[in-house]
Amino acid sequence: MIETVSLSKTATYGDQPEVLGPLKRINFIFGTNGTGKTTISRVMANDPSYSPCRVVWKDGRPMQALVYNRDFVELNFSRSAELKGVFTLGETQVKAKEEIKAKKQETDDYKDKVANLKMVLDGANGTSGKRGELATLESSFQEQCWDAYGKHKERLSLAFEGFRNSKKDFKAKVLHEAENNASLTVPLDELHKRAETIFSRALNEMSIVPDIRFALLLGYEADPILRMRVIGKEDVNIAEMIKKLGNSDWVREGRTFYDVNDRVCPFCQQKTDEAFEKSLNEYFNESFERDSKAIALLLDNYKTEATRVLQDMGQILTAPSKFLDMERFRSERDFLEAKLRLNTQQLIKKSKEPSQIFELESVINIIDAIKTLIANANKKVAEHNALVKNIGKEKTKLTSEVWKHLIEVDLSAAYTHYKAKKAELEAAIKTIEGRSTTFSQEIRTREMAIRELEKQTTSIKPTIDAINSLLASFGFYGFSLAMADHDVSYKLVREDKSDAKETLSEGEKTFVTFLYFYHLLKGSETESGITTDRIVVFDDPVSSLDSEILFIVGSLIKKVFDEARSGQSLIKQVFVLTHNVYFHKEVSFNNSRTDKALKDETFWVVRKPAKHSKLEKHERNPIQTSYELLWSEVKNPNPSLLTIQNIMRRILENYFKFFGGIDPRDVCANLTGKDQMICNSLLSWVNDGSHYAQDDIYVSMDQGTVQSYLKVFHMIFKLSEHEAHYKMMMGDTYVELEDPVSTGVMVEETPKA
């Protein structure tokens, strides 16, 4: 059975799909000519020119669609000189019929099994089925993969290059890496650190941090002069006094003033003799002077070397290396500078007091720390430069390690669940598909057997007899159906066996074509396919038929309804499309129906309010009488701009002619201006007489004009004191008129007493 029909982008249907559905066993579709009924029947007939439209079959099982419309009439009567034979099972072939029936039942049972398996696979009534579960699992894992990427895209983005723009591709890469990545799992902070270098967009070789020479500085610290007491000659007569007083440095300092003061002591201001001068000179002999110069030289050299070392370290700070711990390096330099300054002060003191022993503070620990910092930095520089030379392999390695971390750390639990659940679902799907394939093969085997049996037991002769019997019973004696010369088709002949096809009236052509289609429902145009399940579509089957034949056609279609409802027939679903109100009422009449549609039937109206057709579903039969049908268009919130004027005219003509005694000119006289003009237009039938569709009056209208006409239409009933009828026919859509004065109605002033 067909569940829904979607129509769009074809004929009178617009881009927005109109959906006919959900559908049931019996379906009635009413619509005037030109609204799009035949398009529906052609879509059901699987016409390839209607590809934008879509038919949805129950359980995905298409059936043969037998469609009676003008295409069928044209193909089978107008174009062809002969009618194709309708093959049916011979009545005497009881055993073959029973065998066909049994195999047909087996086929249906297997089809039910396939449908049930399909339901397990694809779901129904809101369930997802196994394939749906698998799709949900895939989608969920895809989102989990994408979320994991989101955690790392800022710092490790280049590792995911080529997979950053598609969730689907990213998930596929995760699955590939999960099965093929043999890298070790590396901590995230290490990946970040390496990525800063390897994924750098400006990656070049780096210069090493220059070494600093500390050997001389350390050598000066160990100079023995620092621990030497530099004093004068001890065997000089003044030596004993100097030694006793321990003022060698004081005497040495005063000597400089003595030499320029004409042998006058700078301390006591006494004149000294030559012997004292000689003793003083002998005390501060050549050895003393040599050691003093050594101290002065040590001081100069220490200052020079300390300055050089600090300058070298300053240059490193000016052009810092990214691999050198600059904070520690700066701290060690500052510490070294302070130590060197202190040691320099000690050397200055030694130069002033050479007789004293001094010891410099060792800077070896600071220097070792500085050397270690530089060595570590240069090791990293070497590694970096080696990496630059081998950047391709390093990128590949890091990328692999990033994916490994993503899978083993971020997606570990999710991937384990996904892999296990997917294996479970795929195994279930494979089993079900295997059973479905087996059952489908059973179906094909039985269908082939049925076709062979049908070929052995079918004939087109029973259809000739049945159609001729119906023609005679309905008074068509002037022609009949006969077997064509090659025994596989029919021809229409007169009593004298002459060809009757070209001389039949339109009504006769329509009726005989319908009878042919009616019998085709019980057979097939070929020797096989007679027992194939089918749906039936009747599209305006009563064109050119008089009322008596229309009744006959309606009765035959009702028999088709009964067969479809029985559940034992090959006919599983029926559609009736018509524009004829009388035929619709006749064919849809059912004593079992009360107010609403029966459980196995649907009612539809196809309308064309503007450019495009619209489908409307109704809970009850929408077509009561032709008069009520006209009112249903007035009640519609979006009436057709093309037909609404003449619909209102017909209502007024039918109603007021029935009641009589009402002069429309008196009604219009109570209106003014534009409303009076519209009133005269709506009541034009008074002067023109009764009219039909072909002489309808039409004025170009928009929605604003339509509302003006509808307002005046209401006024006519109100002014003629028949508003009760208007209110009854409008039902729930009735709206009170505005104040008469505001609507342009002439109001007579009530005389004062």
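The questions below take up confidence, the sheet, helix packing and a few backbone details.

Biologist: How many of the residues reach a pLDDT of 70 or more?
Modeller: This is a predicted model, and the mean pLDDT of the protein is 79. The share at 70 or more is 78%.

Biologist: Which strands are at the edges of the sheet of 6 strands?
Modeller: The sheet is open, its pairing is mixed, and its order is E5-E11-E12-E3-E13-E14. From one strand to the next, the twist averages 20°. An edge strand pairs on one side only, and that applies to E5 (64-68) and E14 (614-618).

Biologist: Which residue of E12 is the bridge partner of Arg-534?
Modeller: Strand E11 covers residues 534-539 and strand E12 covers residues 571-578. The two run parallel and are joined by 6 bridges. For Arg-534, the partner in E12 is Ile-571.

Biologist: At about what angle does helix H19 run to E3?
Modeller: H19 is formed by residues 581-588. The helix lies across E3, E12 and E13. Its angle to E3 is about 165°.

Biologist: Are H5 and H14 roughly parallel or roughly perpendicular to each other?
Modeller: H5 (residues 167-180) and H14 (residues 391-410) pack with their axes 10 Å apart, at an angle of about 90°. Phe-170, Lys-173, Val-174, Glu-177 and Ala-178 of H5 meet Trp-403, Leu-406 and Ile-407 of H14. By class, the contact has 6 nonpolar, 2 charged and no polar residues. Angles of 65 to 115 degrees count as roughly perpendicular, so H5 and H14 are roughly perpendicular.

Biologist: Which peptide bond is cis, with omega near 5°?
Modeller: Most peptide bonds are trans. Pro-22 sits in the loop between E2 (18-20) and E3. The cis bond runs to Pro-22 from Gly-21.

Biologist: Is Asp-540 buried or exposed?
Modeller: Asp-540 is in the loop between E11 and helix H18 (547-566), and has a positive phi of about 45° although it is not a glycine. Buried means under 20% relative accessible area. With 18% relative accessibility, Asp-540 therefore counts as buried.

Biologist: And what is the relative accessible area of Ala-11?
Modeller: Ala-11 lies in the loop between E1 (2-7) and E2, and its phi is positive, near 50°. Exposed means over 50%. Ala-11 is exposed, at a relative accessible area of 58%.

Technical notes: Residues are numbered from 1 along each chain as its sequence is written. This is a predicted model: local features need pLDDT of at least 70, side-chain atom pairs count only at pLDDT 80 or more; totals for chains, interfaces and linings use all residues. Side-chain values use heavy atoms; hydrogens and water are left out. Two strands pair if DSSP finds at least two bridges between them. Helices (H or I, at least four residues) and strands (E, at least two) are DSSP runs, numbered from the N terminus. Axes are lines fitted to C-alpha atoms, for helices over the stretch in contact, and angles run from 0 to 180 degrees between N-to-C directions. Contact means heavy atoms within 4.5 Å. Angles under 35 degrees count as roughly parallel, over 145 as roughly antiparallel, 65 to 115 as roughly perpendicular and the rest as oblique. Ala, Val, Leu, Ile, Met, Phe, Trp, Tyr, Cys and Pro count as nonpolar, Asp, Glu, Lys and Arg as charged, and the others, Gly among them, as polar. pLDDT is the predictor's confidence in each residue, from 0 to 100. Buried means under 20% relative accessible area, exposed over 50%, partly exposed in between (1.4 Å probe, protein chains only).
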